[in-house]
Amino acid sequence: MPPGKKPQGDELVAPLRVATVAALLVAASLAAAAPPRPQGPPAVLLSPDSLTRVSDHVYALIGFPNIGIVVGNRATLVVDTGLGARNGAVAAGEARKLAKGPLLYLTTTHFHPEHAAGEGGFPPNTVLIRDEAQQKELAENGRAMVERFSQMSAQNKALLAGVKFRAPDIVFDRELRVDLGGVTARLFWMGTAHTLGDEMIYVEPDKTLLSGDIVQNRMLPNLYGPNARLKSWVEILDRLRPLEPRYVVPDHGALGDGSLVEREYSLLSNLQSRTLELKRQGKSADDAGRILLAEFKTKYPDWPNLNGLPGLVKHVYSENP
(Lines give C-alpha, C1' and ligand atoms only; values in the text may rest on other atoms or scores of the structure.)
Protein backbone atom coordinates (compact mmCIF):
# COMPACT_ATOMS: atom_id res chain seq x y z
CA MET A 1 0.00 0.00 0.00
CA PRO A 2 1.50 3.43 -0.91
CA PRO A 3 2.72 5.64 1.96
CA GLY A 4 -0.08 7.73 3.44
CA LYS A 5 -2.94 5.86 1.73
CA LYS A 6 -5.95 5.45 4.00
CA PRO A 7 -7.37 1.92 4.19
CA GLN A 8 -11.14 1.74 4.22
CA GLY A 9 -12.99 0.51 7.31
CA ASP A 10 -12.23 -3.12 7.94
CA GLU A 11 -9.62 -3.51 5.18
CA LEU A 12 -7.01 -6.09 6.15
CA VAL A 13 -3.36 -5.17 5.80
CA ALA A 14 -1.34 -7.80 3.94
CA PRO A 15 1.77 -9.11 5.73
CA LEU A 16 5.38 -8.67 4.42
CA ARG A 17 8.66 -9.97 5.95
CA VAL A 18 10.93 -9.92 9.10
CA ALA A 19 13.27 -12.57 10.48
CA THR A 20 11.86 -15.41 12.56
CA VAL A 21 13.60 -16.26 15.82
CA ALA A 22 12.63 -18.71 18.56
CA ALA A 23 10.40 -17.01 21.12
CA LEU A 24 11.53 -16.30 24.67
CA LEU A 25 8.38 -16.24 26.79
CA VAL A 26 8.37 -14.80 30.27
CA ALA A 27 5.19 -15.93 32.03
CA ALA A 28 3.41 -13.62 34.45
CA SER A 29 0.02 -13.73 36.12
CA LEU A 30 -2.15 -10.61 36.09
CA ALA A 31 -3.51 -10.23 39.61
CA ALA A 32 -5.64 -7.23 38.69
CA ALA A 33 -8.31 -7.84 41.28
CA ALA A 34 -5.88 -6.85 44.04
CA PRO A 35 -4.60 -3.28 44.41
CA PRO A 36 -1.32 -2.73 42.55
CA ARG A 37 1.84 -3.05 44.59
CA PRO A 38 3.66 0.17 45.40
CA GLN A 39 6.17 0.84 42.64
CA GLY A 40 9.12 3.14 42.17
CA PRO A 41 9.45 5.34 39.10
CA PRO A 42 9.16 3.35 35.85
CA ALA A 43 12.40 2.50 34.09
CA VAL A 44 13.19 5.00 31.34
CA LEU A 45 15.54 2.45 29.76
CA LEU A 46 13.62 -0.57 28.55
CA SER A 47 15.01 -3.96 29.58
CA PRO A 48 14.44 -7.34 27.88
CA ASP A 49 14.26 -8.76 31.41
CA SER A 50 10.91 -7.03 31.89
CA LEU A 51 9.21 -8.99 29.10
CA THR A 52 5.87 -10.35 30.35
CA ARG A 53 3.42 -12.65 28.63
CA VAL A 54 -0.07 -11.17 28.84
CA SER A 55 -2.16 -13.57 26.74
CA ASP A 56 -1.73 -16.14 23.96
CA HIS A 57 -0.50 -13.59 21.41
CA VAL A 58 0.33 -10.50 23.50
CA TYR A 59 3.47 -9.59 25.43
CA ALA A 60 4.54 -6.42 27.24
CA LEU A 61 7.89 -4.83 28.01
CA ILE A 62 7.28 -3.11 31.33
CA GLY A 63 8.77 0.37 31.58
CA PHE A 64 8.27 3.97 30.49
CA PRO A 65 5.94 3.27 28.81
CA ASN A 66 4.76 -0.33 28.73
CA ILE A 67 5.42 -1.59 25.19
CA GLY A 68 2.95 -4.03 23.66
CA ILE A 69 4.05 -6.80 21.26
CA VAL A 70 1.36 -8.76 19.41
CA VAL A 71 2.60 -11.92 17.68
CA GLY A 72 0.81 -13.62 14.80
CA ASN A 73 1.83 -16.46 12.53
CA ARG A 74 2.71 -14.10 9.68
CA ALA A 75 3.36 -10.71 11.29
CA THR A 76 4.19 -8.95 14.56
CA LEU A 77 2.83 -5.62 15.80
CA VAL A 78 4.71 -3.41 18.28
CA VAL A 79 2.70 -0.79 20.16
CA ASP A 80 4.77 2.29 21.16
CA THR A 81 8.51 2.80 20.96
CA GLY A 82 10.03 3.96 24.24
CA LEU A 83 11.98 7.18 24.67
CA GLY A 84 14.36 7.56 21.72
CA ALA A 85 16.00 5.18 19.26
CA ARG A 86 17.95 3.28 21.94
CA ASN A 87 14.70 2.12 23.53
CA GLY A 88 13.09 1.59 20.16
CA ALA A 89 15.88 -0.82 19.27
CA VAL A 90 15.19 -2.83 22.44
CA ALA A 91 11.49 -3.09 21.58
CA ALA A 92 12.27 -4.05 17.99
CA GLY A 93 14.80 -6.63 19.15
CA GLU A 94 12.32 -8.33 21.45
CA ALA A 95 9.74 -8.33 18.67
CA ARG A 96 12.25 -10.08 16.38
CA LYS A 97 12.90 -12.76 19.02
CA LEU A 98 9.20 -13.42 19.41
CA ALA A 99 8.29 -13.20 15.71
CA LYS A 100 6.86 -16.21 13.91
CA GLY A 101 6.21 -14.49 10.61
CA PRO A 102 7.65 -12.10 8.15
CA LEU A 103 6.39 -8.56 8.75
CA LEU A 104 7.01 -6.04 11.52
CA TYR A 105 4.34 -3.40 12.13
CA LEU A 106 4.69 -0.46 14.49
CA THR A 107 1.91 1.77 15.81
CA THR A 108 1.88 4.44 18.51
CA THR A 109 -0.87 5.30 20.99
CA HIS A 110 -0.20 9.06 20.93
CA PHE A 111 2.44 11.60 19.96
CA HIS A 112 4.30 12.07 23.27
CA PRO A 113 8.02 11.19 23.02
CA GLU A 114 8.05 8.05 25.16
CA HIS A 115 5.42 6.61 22.84
CA ALA A 116 6.51 7.82 19.41
CA ALA A 117 10.10 9.13 19.47
CA GLY A 118 11.84 5.74 19.37
CA GLU A 119 10.85 4.78 15.85
CA GLY A 120 14.42 5.39 14.68
CA GLY A 121 15.45 2.20 16.50
CA PHE A 122 13.24 0.03 14.29
CA PRO A 123 14.36 -1.54 10.99
CA PRO A 124 13.77 0.68 7.94
CA ASN A 125 11.26 -1.77 6.48
CA THR A 126 8.99 -1.56 9.55
CA VAL A 127 5.45 -0.62 8.49
CA LEU A 128 4.46 2.43 10.56
CA ILE A 129 0.75 2.98 11.24
CA ARG A 130 -0.97 5.96 12.91
CA ASP A 131 -4.45 7.39 13.13
CA GLU A 132 -4.95 10.65 11.26
CA ALA A 133 -5.63 12.82 14.31
CA GLN A 134 -2.45 11.60 16.02
CA GLN A 135 -0.35 12.19 12.94
CA LYS A 136 -1.67 15.76 12.69
CA GLU A 137 -0.80 16.37 16.33
CA LEU A 138 2.67 14.88 15.88
CA ALA A 139 3.37 17.04 12.83
CA GLU A 140 2.28 20.19 14.65
CA ASN A 141 3.61 19.58 18.17
CA GLY A 142 5.95 16.57 18.14
CA ARG A 143 9.19 18.52 17.88
CA ALA A 144 8.20 20.92 20.67
CA MET A 145 7.28 18.00 22.92
CA VAL A 146 10.64 16.33 22.25
CA GLU A 147 12.36 19.57 23.30
CA ARG A 148 10.23 19.74 26.43
CA PHE A 149 11.09 16.16 27.43
CA SER A 150 14.77 16.76 26.63
CA GLN A 151 14.88 19.51 29.24
CA MET A 152 13.57 17.23 31.99
CA SER A 153 16.85 15.38 32.59
CA ALA A 154 20.30 14.73 31.14
CA GLN A 155 19.23 11.14 30.44
CA ASN A 156 16.20 12.28 28.45
CA LYS A 157 18.34 14.74 26.51
CA ALA A 158 20.79 12.01 25.54
CA LEU A 159 18.05 9.53 24.58
CA LEU A 160 16.21 12.09 22.44
CA ALA A 161 19.26 13.57 20.71
CA GLY A 162 18.82 13.56 16.94
CA VAL A 163 15.23 12.25 16.97
CA LYS A 164 13.54 12.46 13.59
CA PHE A 165 10.00 11.47 12.71
CA ARG A 166 9.20 9.82 9.39
CA ALA A 167 5.90 9.81 7.59
CA PRO A 168 3.73 6.79 8.43
CA ASP A 169 3.23 4.13 5.79
CA ILE A 170 -0.46 3.81 6.64
CA VAL A 171 -2.80 6.48 8.00
CA PHE A 172 -6.33 5.60 9.05
CA ASP A 173 -9.32 7.68 10.11
CA ARG A 174 -11.18 5.84 12.88
CA GLU A 175 -10.44 2.13 12.60
CA LEU A 176 -8.10 -0.33 10.92
CA ARG A 177 -7.98 -4.11 11.32
CA VAL A 178 -4.56 -5.69 10.84
CA ASP A 179 -4.42 -9.42 10.11
CA LEU A 180 -1.28 -10.81 11.77
CA GLY A 181 -2.06 -14.44 10.95
CA GLY A 182 -4.27 -16.25 13.46
CA VAL A 183 -4.76 -13.03 15.40
CA THR A 184 -6.25 -9.68 14.45
CA ALA A 185 -5.34 -6.30 15.91
CA ARG A 186 -8.07 -3.70 15.71
CA LEU A 187 -6.53 -0.21 15.82
CA PHE A 188 -9.09 2.47 16.62
CA TRP A 189 -9.56 6.14 17.55
CA MET A 190 -12.61 7.30 19.52
CA GLY A 191 -11.84 10.99 19.98
CA THR A 192 -9.83 13.32 22.17
CA ALA A 193 -9.03 12.52 25.81
CA HIS A 194 -5.40 12.55 27.00
CA THR A 195 -4.44 13.96 23.60
CA LEU A 196 -6.24 14.69 20.34
CA GLY A 197 -5.15 11.46 18.63
CA ASP A 198 -5.33 8.77 21.34
CA GLU A 199 -5.21 5.34 19.71
CA MET A 200 -6.12 2.01 21.29
CA ILE A 201 -5.62 -1.56 20.08
CA TYR A 202 -7.94 -4.51 20.70
CA VAL A 203 -6.52 -7.99 20.04
CA GLU A 204 -8.72 -10.90 19.01
CA PRO A 205 -9.12 -13.73 19.90
CA ASP A 206 -7.24 -12.81 23.09
CA LYS A 207 -9.76 -10.13 24.22
CA THR A 208 -6.77 -7.99 25.18
CA LEU A 209 -6.98 -4.19 25.16
CA LEU A 210 -3.82 -2.10 24.75
CA SER A 211 -5.38 1.05 26.09
CA GLY A 212 -2.79 3.80 25.68
CA ASP A 213 -3.19 6.37 28.45
CA ILE A 214 -6.99 6.05 28.45
CA VAL A 215 -7.41 3.05 30.78
CA GLN A 216 -4.94 2.89 33.65
CA ASN A 217 -4.65 0.85 36.84
CA ARG A 218 -5.99 3.14 39.58
CA MET A 219 -4.27 6.22 38.16
CA LEU A 220 -6.06 9.53 37.62
CA PRO A 221 -6.12 10.91 34.07
CA ASN A 222 -3.31 13.19 32.96
CA LEU A 223 -5.01 16.10 31.20
CA TYR A 224 -2.15 17.95 29.57
CA GLY A 225 -2.36 20.40 26.71
CA PRO A 226 -5.18 22.25 24.95
CA ASN A 227 -6.73 19.13 23.42
CA ALA A 228 -7.23 17.19 26.68
CA ARG A 229 -10.88 16.64 27.64
CA LEU A 230 -12.21 14.85 30.72
CA LYS A 231 -15.78 14.84 29.40
CA SER A 232 -14.86 12.91 26.26
CA TRP A 233 -12.52 10.68 28.31
CA VAL A 234 -15.55 9.53 30.31
CA GLU A 235 -17.54 9.04 27.09
CA ILE A 236 -14.76 6.91 25.60
CA LEU A 237 -14.62 4.73 28.73
CA ASP A 238 -18.36 4.23 28.48
CA ARG A 239 -18.00 3.12 24.86
CA LEU A 240 -15.21 0.68 25.85
CA ARG A 241 -17.33 -1.08 28.47
CA PRO A 242 -19.19 -3.38 26.02
CA LEU A 243 -15.83 -4.78 24.84
CA GLU A 244 -15.44 -6.57 28.17
CA PRO A 245 -11.72 -7.23 27.64
CA ARG A 246 -10.10 -10.05 29.51
CA TYR A 247 -6.76 -8.28 29.86
CA VAL A 248 -5.73 -4.61 29.79
CA VAL A 249 -2.22 -3.35 29.00
CA PRO A 250 -2.04 0.32 30.03
CA ASP A 251 0.75 2.54 28.74
CA HIS A 252 1.74 3.38 32.31
CA GLY A 253 1.42 1.49 35.58
CA ALA A 254 0.52 -2.09 36.40
CA LEU A 255 -1.08 -4.50 33.94
CA GLY A 256 -4.59 -5.64 34.79
CA ASP A 257 -7.79 -7.31 33.71
CA GLY A 258 -10.97 -5.97 32.14
CA SER A 259 -12.29 -4.66 35.44
CA LEU A 260 -9.94 -1.68 35.03
CA VAL A 261 -12.32 -0.19 32.47
CA GLU A 262 -15.32 -0.34 34.78
CA ARG A 263 -13.36 0.90 37.81
CA GLU A 264 -12.05 3.94 35.98
CA TYR A 265 -15.41 4.70 34.40
CA SER A 266 -17.11 4.45 37.80
CA LEU A 267 -14.72 6.90 39.46
CA LEU A 268 -14.58 9.45 36.64
CA SER A 269 -18.28 9.45 35.81
CA ASN A 270 -19.04 9.80 39.52
CA LEU A 271 -16.52 12.62 39.80
CA GLN A 272 -18.04 14.40 36.83
CA SER A 273 -21.62 14.15 38.10
CA ARG A 274 -20.71 15.17 41.68
CA THR A 275 -18.67 18.12 40.41
CA LEU A 276 -21.55 19.39 38.28
CA GLU A 277 -23.87 18.97 41.25
CA LEU A 278 -21.62 21.15 43.42
CA LYS A 279 -21.26 23.66 40.59
CA ARG A 280 -25.06 23.99 40.38
CA GLN A 281 -25.06 24.62 44.14
CA GLY A 282 -22.80 27.62 43.56
CA LYS A 283 -19.60 26.11 44.97
CA SER A 284 -16.35 27.44 43.55
CA ALA A 285 -14.03 25.05 41.73
CA ASP A 286 -11.55 25.25 44.60
CA ASP A 287 -14.22 24.48 47.21
CA ALA A 288 -15.61 21.62 45.13
CA GLY A 289 -12.10 20.20 44.74
CA ARG A 290 -11.54 20.16 48.50
CA ILE A 291 -14.94 18.60 49.17
CA LEU A 292 -14.57 15.89 46.56
CA LEU A 293 -10.97 15.03 47.46
CA ALA A 294 -12.07 14.13 50.98
CA GLU A 295 -15.18 12.34 49.69
CA PHE A 296 -13.34 10.26 47.10
CA LYS A 297 -10.53 9.26 49.44
CA THR A 298 -13.23 7.60 51.54
CA LYS A 299 -15.23 6.24 48.59
CA TYR A 300 -12.22 4.88 46.64
CA PRO A 301 -9.67 3.86 49.30
CA ASP A 302 -7.87 1.44 46.95
CA TRP A 303 -6.77 4.28 44.63
CA PRO A 304 -3.27 5.10 45.93
CA ASN A 305 -3.03 8.74 44.87
CA LEU A 306 -6.06 10.98 44.46
CA ASN A 307 -4.25 14.26 45.12
CA GLY A 308 -4.65 15.31 41.50
CA LEU A 309 -8.43 15.15 41.80
CA PRO A 310 -8.95 18.91 42.47
CA GLY A 311 -7.27 19.59 39.13
CA LEU A 312 -9.79 17.32 37.40
CA VAL A 313 -12.61 19.18 39.14
CA LYS A 314 -11.33 22.41 37.57
CA HIS A 315 -11.41 20.73 34.18
CA VAL A 316 -15.06 19.79 34.68
CA TYR A 317 -15.85 23.41 35.57
CA SER A 318 -14.02 24.74 32.49
CA GLU A 319 -15.63 22.18 30.18
CA ASN A 320 -19.12 23.02 31.47
CA PRO A 321 -19.30 26.83 31.65
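Helices and strands are taken here as DSSP runs, numbered from the N terminus. In this predicted model, Glu244 accordingly falls in the loop between helix H5 and strand S12, the latter spanning 247-249. The chain as a whole has a secondary structure of 8 helices and 13 strands.

The overall composition of the fold was examined next. The chain holds 321 residues, and 55% of them are buried. Of the contacts between residues at least 6 apart in sequence, 69% link residues at least 24 apart. The accessible surface of the chain amounts to about 13,600 Å², and carbon and sulfur atoms contribute 53% of that area.

The largest nonpolar core comprises 39 residues, and the members that touch the most others are Leu209, Ile214, Val215 and Leu240. Two or more residues are supplied to this core by each of strand S10 (199-204), helix H5 (230-240), helix H6 (259-280), helix H7 (285-299) and helix H8 (309-319). H6 provides the largest share, with 7 residues. A separate core of 25 residues lies apart from this one, and its members include Ala60, Ala75, Ile170 and Val178. Within the largest core, the surroundings of Leu240 can be described in detail. When residues up to four places away in sequence are not counted, Leu240 touches Phe188, Met190, Met200, Leu209, Ile214, Val215 and Val261.

Helix H6 also contains Leu260. This residue has a relative accessibility of 2% and therefore counts as buried, the limit for that class being under 20%. Apart from neighbours within four places in sequence, the contacts of Leu260 are with Val215, Gln216, Asn217, Val248 and Pro250.

Several features of the backbone concern loops. Most residues other than glycine have a negative phi, and most peptide bonds are trans. Pro65 belongs to the loop that runs between strand S2 (58-61) and strand S3 (67-71). A cis peptide bond also connects Glu204 to Pro205, where omega is about 15°. Pro205 lies in the loop between S10 and strand S11 (208-210).

The loop between S10 and S11 also holds Lys207, a residue other than glycine whose phi is positive, at about 55°. With a relative accessible area of 32%, Lys207 is classed as partly exposed. Glu244, likewise not a glycine, has a positive phi near 45°. The relative accessible area of Glu244 is 59%, so this residue is exposed, as the class requires a value over 50%.

Notes: Residues numbered from 1 in each chain as written. Predicted model: local features only at pLDDT ≥ 70, side-chain atom pairs only at ≥ 80, totals over all residues. Heavy atoms only, no water. Core = buried A, V, L, I, M, F, W, Y, C linked by side-chain atoms within 4.5 Å. Buried < 20%, exposed > 50% of the residue type's maximum accessible area, 1.4 Å probe, protein only. Helix = DSSP H or I, 4+ residues; strand = E, 2+ residues; numbered from the N terminus. Contact = heavy atoms within 4.5 Å. Areas by Shrake-Rupley, 256 points an atom, 1.4 Å probe, with all protein chains shown as cover.
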